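Q: I have a model open and want to go through its side-chain contacts. Can we start with the charges and then do the rings?

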Amino acid sequence: ITFTKAAALEMKHRFLAMTNRKYITVSFGTFHAVFFGILRHAYGYSADNIIKEEQRNRFLKEEISHMNLEIEDEAEFIQNIIGEISRVKNERQNILEYEALSCDTKSFRKLFQKYENMLRRQNQIDFDDMLVYTYELLVQRKDILRAWQNKFQYILIDETQDMNQLQYDIMRLLAAPRNNLFMVGDDDQSIYRFRGAKPEIMLGFEKDYPEAVRILLDTNYRSRKQIVESAIRVINHNDSRFSKEIKAFRAEGQPVITAVFDNQQE
């Protein structure tokens, strides 16, 4: 499992090449593709049940126009609202207790409820619902959970540092009771916290799975020595990270130039 369709296809092609096969006995996909497959088997969903981005934006735009909100940039505001709706769902927060950031809390809760009601009326789901519904299904239906646990006997997750808590909770359900869970990631490359990613998942993995073995890939094949050493000096100031020594495979190159500017234009 990985985060982009392109990465999943790349993994699939590498598997076929390494095993010299023309068919696959392994599932490859993004989180959403795998979870939607589970929902499709359980509820009979098809692609028509997934709300389109333009449809969602149009609905929110119409609802916002009926509200007395002071907005400077409508497109940016809608994207902020969408991001916040996603955060509420992925973190399984109670909307009645959630304090909004994009606008006043009362208006956000109203928009959230209207959006949810529209999805239910039209029997549609968004990408965040795929996670929420999958989690609820696997928790409530132990028979369905066991079936998928038997199918996914070994699980490899790529780019672990970009996982959010809900994705991790679902994967823990699917991996049990064998717990054959292989996590690949780099906590130093975690840059999507604003999107709900939790690098703490990587940092706490060995507490969740005390028998886990950590393997450090300590050679950087991409960058030259000066870049690797400079990057490590900066990232070493982070408090929450795995302590690690990284060495460059490539020879020395040009020195890294640093500069301070007074403004963005400069």
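What follows is a short chat about salt bridges and aromatic rings.

Q: What kind of model is this, and what pLDDT do local features need?
A: This is a predicted model, in which local features need pLDDT of at least 70 and side-chain atom pairs count only at pLDDT 80 or more, while totals for chains, interfaces and linings use all residues. Residues are numbered from 1 along each chain as its sequence is written, and side-chain values use heavy atoms, with hydrogens and water left out.

Q: OK. How many salt bridges in the whole structure?
A: The search finds 19, where a salt bridge is a side-chain nitrogen of Lys or Arg within 4 Å of a carboxyl oxygen of Asp or Glu.

Q: Which residue does Arg120 form one with?
A: Glu116, with the closest N and O atoms 2.7 Å apart. Both residues lie in helix α5 (residues 105–121), four residues apart, about one turn of the helix. Helices (H or I, at least four residues) and strands (E, at least two) are DSSP runs, numbered from the N terminus.

Q: Is Glu116 buried or exposed?
A: Glu116 counts as buried, at 12% relative accessibility. Arg120 is partly exposed, at 39%. Buried means under 20% relative accessible area, exposed over 50%, and partly exposed in between (1.4 Å probe, protein chains only).

Q: And Lys244, what does its side chain meet?
A: Asp187, in a salt bridge of 3.0 Å, N to O. This pair links distant parts of the chain, 57 residues apart: Lys244 is in the loop between α11 (225–235) and β4 (247–248), and Asp187 in the loop between β2 (181–183) and α9 (200–203). Lys244 and Asp187 are both buried.

Q: Switching to rings. How many aromatic pairs?
A: The structure holds ten. Rings of Phe, Tyr and Trp (its six-membered ring) pair if their centres lie within 6.5 Å; planes under 30 degrees apart count as stacked, over 60 as edge-to-face and the rest as tilted.

Q: Why is the pair Phe36 and Tyr45 stacked?
A: Because the planes are at 5°, with the ring centres 6.4 Å apart. Phe36 is buried at 10% relative accessible area, and Tyr45 is buried at 12%.

Q: What about Tyr221 and Phe249?
A: That pair is tilted, 5.0 Å centre to centre with 45° between the planes. Tyr221 is exposed, at 57%, and Phe249 is exposed too, at 59%.

Q: Last one: where does the charged end of Arg92 sit?
A: Over the ring of Tyr135, 4.3 Å from its centre. The cut-offs are NZ of Lys or CZ of Arg within 6 Å of the ring centre and within 35 degrees of the ring normal.
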